[in-house]
Amino acid sequence: MSSIKLKPEELYRVTNPADIKYDTTAEIDNSKYGAIGQSRALEAIEFGVGMRRENYNIYLAGSKGLGKHAVMQKILEQHAKDESPPSDWCYVDNYEEFYKPIALELPAGVGFKLRTDMAQLVSDLLLAVPAAYENDEYRTRIQEIEGAFEERREKAFAELAEEADAEGITMINTPTGYTIVPISDGKPMSQEDFKKLDEIEQNTKQEKIDEIKEKLKDLVMEVPVWEKETREQFKELNTSFAKSSVKPFLKALMDKYSKTPEVKKYLDIVSKDIVENMQFFLPVNTNPGLLEGQGAPPSAELRRYEINVLVNNAELQGTPIVYENNPTYNNLIGRIEHIAQDGALITDFTLIKPGALHKANGGYLILDMQNLLMNPFAWDGLKRTLYAKEIRMQSLERMLSIVSTVTLEPEAIPLNIKVVLVGDRYLYYLLKTYDPEFNELFKATADFSESFDRDADSVNQLAQIISIVTNIEKTRPIKREGVARIIEHCSRETGDAEKLSLHRGKLKDLIVESDYWAGKNGKDEVEVAHVQSAIDSRIRRADQIQEQVREQILRDIILIDTEGECVGQINGLSVYQLGEDSFGQPSRITATARLGHGNVLDIEREIKLGGPIHSKGVMILSSCLANRYAKDRPLSLSATLVFEQNYGGVDGDSASIAEFCALISALSGLPINQSFAVTGSINQHGAAQAIGGVNHKIEGFFDICNARGLSGNQGVIIPRANLKHLMLKHDVVAAVKKKQFHVHTIDDVNDALELLMGKKVGVANRKGNYRRGTINHLVMKRLEELHQLHGKYAMTDKS
């Protein structure tokens, strides 16, 4: 085991432009859409799309920018084009219960035609029906019915009048009704003349008058019955003429839709309703056949014959693919709109509006999971609909009893759909854990990779993707050297020299910004310098906080030594994450050691600034310390560890090697070379383990050293396992090439101790002793002193 000083070529894996088969991206054939590095996800998608069993809906898991939606869209388009378009869906009026509109399923394209034909039917009837009631035959028949009624009434009154005359009584018709009085000499008798008659004659006359009054009363009461019979005759006449005027138009429609049973059934119902409501098609005028007060109602009444085409698949090739970017409850399930009329909100079936589920019915619906969860009731509404396998429209206002107004209960529409949710992994696992219904409804999961292996084939595959992006974004062609630089940057984005990032969003941004710099420099092609300008400018725009922290170090406000030696003090390396941007900076770690009971105190944890992973790292190094130096005796030691001038949180175990070295320095009294910074975690046996953010950490220490002036002695110590992750900035590689800066890899914490203290760690002999002058010898010597002091004070306390 020993440290290794890395060569410049080990710090940055270069992409040889000669490995790229084309001079520029303009020469690359990008007709085939590539989903490189996503074989697992593609297999899962094909399974999810091909599985036609219930509830095999799909969840696409992965971070944003991986191109999940684009890949899914492309695959669905390939499947959808070979499938038959689904049915049209319409809502029509329910003439028996208006608040329960009827759903009508029609072959693709028929819905729109039917709506047009029904509109034409109403237009034709508005002309034909009035014309039918204005012809001579209709007028003659009306006059006959009216004449028969008048004749019957006049005849009845004439007969009663003749009977009264025969009895010496006359019926006088006055504006207020009939008056019955006796007559004398052909003239009505006055009241005075009537009283002059003898009593017997008066009584006889009065009895006759009363008898005629009763008959008149019966006759007057019978007239409304005759009127009703007359109205029935009018109605029969109107119905007869209505049928004759409507029949040709409806027959034409019946013949046109003879092969569509749903339409024929609907037209039968419409035919009956039109005949029963013929007045809807008549102008507001005096039609003798209509009762008083009957005239043509507002045109709104004619809306009952409209067709509300909810889904029109007339021009659809294959099954629908719908992406709803704002999946609110109403945008998914549909909504019932209202209009204000006379101070009230009213609605009807024509105000039913479709949702994304209606539009995608029979095909595929793509939704963003985070947006779905952000909209109240949308997720629950989607699950309920998928479980029921039907779209039942209910307004949120009614469900929550917010508004009390007239609304509708449309007939539910059967649902046959494949839903695709696009979201992050953490949402997927949260739903898997806390929402049992999610497991039942989304049984197909496609997990998109963040990176893929970097080799000659993948380099050219990524070049193809770069070419596709340039075409989509309409940017300038990129020369092969520029493509090589982009590929190198994609490798750095993963934090692994052996991997390439699959993050399409970041790749697109880099290409677009490189094109900007090419345009600014008046070039027709994007060169490597333009790509580098895009990378540098992006860092420049986001590095203000990093620059401020670096400035405080250079001004000795934050104390960091980059030369000299110090006991119990070491330079650790940290990474600061600010949104999507991160940067590394050195941190001073100090340790103290004194007489105690074997405790290593983590000050960060005690003041609740240390995270659980950092606390775990301190406990592991405590265990490593005890395992090495106190297997057979108590560890009479009390030590403290702290990140100096740290006023925020500390987490992660990447400082545990540095903390162990600082603690050994405090025990042995040997100073640590401050020209080094250390990162890496430790296990209980002292092995160095890989950590994250190694590139940023190295660059953070390098920037400080470079700003102060490189001495040639400065460097960074990292675990050997991190060697494959190195993709350092060019200025770091250049400094290493000039031997002004160094990067060392280690396998064990002993390698770091020897580098930092300039002495051998030492190996125990058979008796467990170490050679004089080694690090371990000095540590054991100090621990023995502490052990003796512990015994001395223990005896004193006992006495």
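Okay, let's start with strands β22 (residues 569-578) and β23 (residues 581-594): they run antiparallel and are joined by ten bridges. Strands here are DSSP runs marked E of at least two residues, helices are runs marked H or I of at least four, and both are numbered from the N terminus. Two strands pair if DSSP finds at least two bridges between them.

Quick note: this is a predicted model, where local features need pLDDT of at least 70, side-chain atom pairs count only at pLDDT 80 or more, and totals for chains, interfaces and linings use all residues. Residues are numbered from 1 along each chain as its sequence is written, and side-chain values use heavy atoms, leaving out hydrogens and water.

Back to our pair: Q569 sits opposite T590 in β23. Helix α19 (residues 544-554) packs on the sheet and touches β22 and β23, where contact means heavy atoms within 4.5 Å.

And the whole sheet? It's open and mixed, with eight strands in the order β1-β31-β30-β27-β22-β23-β25-β24. β1 (4-5) and β24 (599-602) are at the edges with a single partner strand each, so one side of each has no neighbour in the sheet.

Now, is H489 buried or exposed? It counts as buried because its relative accessibility is 10%; buried is under 20%, exposed over 50%, partly exposed in between, with a 1.4 Å probe and protein chains only. H489 is in helix α16 (residues 480-494), and leaving aside residues up to four places away in sequence, H489 touches L510, I535 and R538.

Last stop: Y426, in helix α13 (residues 425-434). Y426 counts as partly exposed, because its relative accessibility is 47%.

Notes
Axes are lines fitted to C-alpha atoms, for helices over the stretch in contact, and angles run from 0 to 180 degrees between N-to-C directions.
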